[in-house]
Amino acid sequence: MSVEYKVYRPKRILNKHKRPDHWFWTRYTAHPYIGCQHGCEYCYWRESKYCPYPDPEDFSRLIKVKINAPELLRKELSKVPVGVVGLGDYQPAEFRYRLSRQMLQVCLDLGFPVFVLEKSHNVLQDLELITAINDRARAVVSFSIIATPESPHYEHLKGFEPAVPMPPRRFEAMEQFAEAGILTGTSFMPILPGIYDDNENLKAVVRWTRDHGGAFVLAGGLTLSDKQKAYFLQQLARICPEKVPFYEHFYPQGSYGPPRSYWNRLGQKVAELCQKYGLSDRIPRPIIRGEKRAVNKRIAEHLAIKTYRLELAGERGYRIWAYRKAAWALDELEQDVRLIYERMGVKGLESIPSLGKKLAREVEQQIHREASERRSSAKCIETSERV
Ligand code: SF4
């Protein structure tokens, strides 16, 4: 397929979120290209709200290049508080324009942590730069992988991901990032129902991640809507036509996909497998070196994980929201939560917005847990220094 690049100079590059998201922990995102030559047939960027072209097929053929992305990023990041920046895009356009590399350099210069979600092993070309960012702030590299060669439907993968290097190359790259001391793992998304959601594939993705130095497997589902849905069903009919009736039934008209309970069961299975193989089913939060409110952030992470667990368990909405809001409140808190507790006890914790009596107790327990973890890690350092 011939690819056309359209170079332009946008006015802004940085998407700012009110608070870090609870999946990737990004506070900002910045994309150097619109459109993607990797051309995954399930890609949600083909939805009308993201795709700038009337024909979803053009998404992988017409690539808009934000040629001034690095200078815009420098200008915009220098005006905002430090937070994790989601960036990096190693589709073939990157070989020509090197915008992801220049944007990483900006993050390094300004001391911003980064989160890279990547489908290609080509991210390895910036391993050194990402290692330098990790040393100064933090870096996480997550590989998007939905199947391993052990999947009974592996032969279809080339159909779904026509221009992406196959998973073994991504796992090899993961291993190199892990060896460089960078937190890495798998974004197991979107899991395609009826194709890659079988126990064999779930287990193999988790095991391959563990065997290649990954620390987490983050599972997520496939959503289908408007022209992206029509496009996907068309491609499915070409790749594995026998699955079309299943998808028509599983993704009924007017819905984004199967009921929440299906995804919850899948998330639960991945969580159990991660536990079995010693991995996390959430991305551990990257906390910038020297962060003054590190304890607030770690407790916010604990509350966010709890939110996810309640979702998987099918808990009632108000309980889920109570935890989510409490996590946000801890993130937004200006003072160190330990100082509030030291000065005012649990009553002080109760005065934090969105923490009622029950959640204040939970935060109290976490403060104690943090303190005991710090004591035992200080002891380990002391012992190893003596040895
Ligand atoms: S690599 Fe990501 S953005 Fe590119 S087509 Fe595939 S899913 Fe879409």
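Start by selecting F160, L192, F232, L236 and Y247, which touch the most other members among the 43 residues of the largest nonpolar core; such a core is a set of buried Ala, Val, Leu, Ile, Met, Phe, Trp, Tyr and Cys residues joined through side-chain atoms within 4.5 Å. Here buried means under 20% relative accessible area, exposed means over 50%, and partly exposed lies in between, with a 1.4 Å probe and protein chains only. At least two residues of this core come from each of α5 (157-160), β9 (183-191), α7 (199-211), β10 (216-221), α8 (226-239), α9 (244-250) and α10 (260-276), and α10 gives the largest share, six residues. These helices (H or I, at least four residues) and strands (E, at least two) are DSSP runs, numbered from the N terminus.

The model on screen is predicted, and local features need pLDDT of at least 70, side-chain atom pairs count only at pLDDT 80 or more, while totals for chains, interfaces and linings use all residues. Residues are numbered from 1 along each chain as its sequence is written, and side-chain values use heavy atoms, with hydrogens and water left out.

Next, centre the view on F160, which touches G39, C40, E41, Y42, L192, I195, Y196, F232, L236, I239 and C240 when residues up to four places away in sequence are not counted; contact means heavy atoms within 4.5 Å. Then select M103, F112, I133 and A173, which are included in a second, separate core of 36 residues.

Now show α7 and α10 together: they pack at an angle of about 45°, with their axes 10 Å apart. The axes are lines fitted to C-alpha atoms, for helices over the stretch in contact, and the angles run from 0 to 180 degrees between N-to-C directions. That angle makes α7 oblique to α10, since angles under 35 degrees count as roughly parallel, over 145 as roughly antiparallel, 65 to 115 as roughly perpendicular and the rest as oblique. To see where they meet, select N199, L202, K203 and V206 in α7 with L266, K269, V270, L273, C274 and K276 in α10.

While α10 is in view, pick out S261, which lies in this helix and counts as partly exposed at 38% relative accessibility. Its C-alpha atom is separated by 7.1 Å from that of G314, 53 residues apart along the chain.

Move on to M174 in helix α6 (residues 167-179), which is buried, with a relative accessible area of 0%. Leaving aside neighbours within four places in sequence, M174 is in contact with F143, I145, T184, G185, T186, T209, H212 and G214.

For another helix pair, select α3 (residues 99-110) and α4 (residues 127-136), whose axes come within 9 Å and cross at roughly 20°; α3 and α4 are therefore roughly parallel to each other. R101, L104, Q105, C107, L108, D109 and L110 in α3 meet L129, I130, A132, I133 and R136 in α4.

The last stops concern the backbone. Most residues other than glycine have a negative phi, and most peptide bonds are trans. The peptide bond from M189 to P190 is cis, with omega near 0°, and P190 is found in strand β9. W25, in the loop between β2 (14-16) and β3 (28-30), has a positive phi of about 65° although it is not a glycine, and W25 is buried, with a relative accessible area of 4%.
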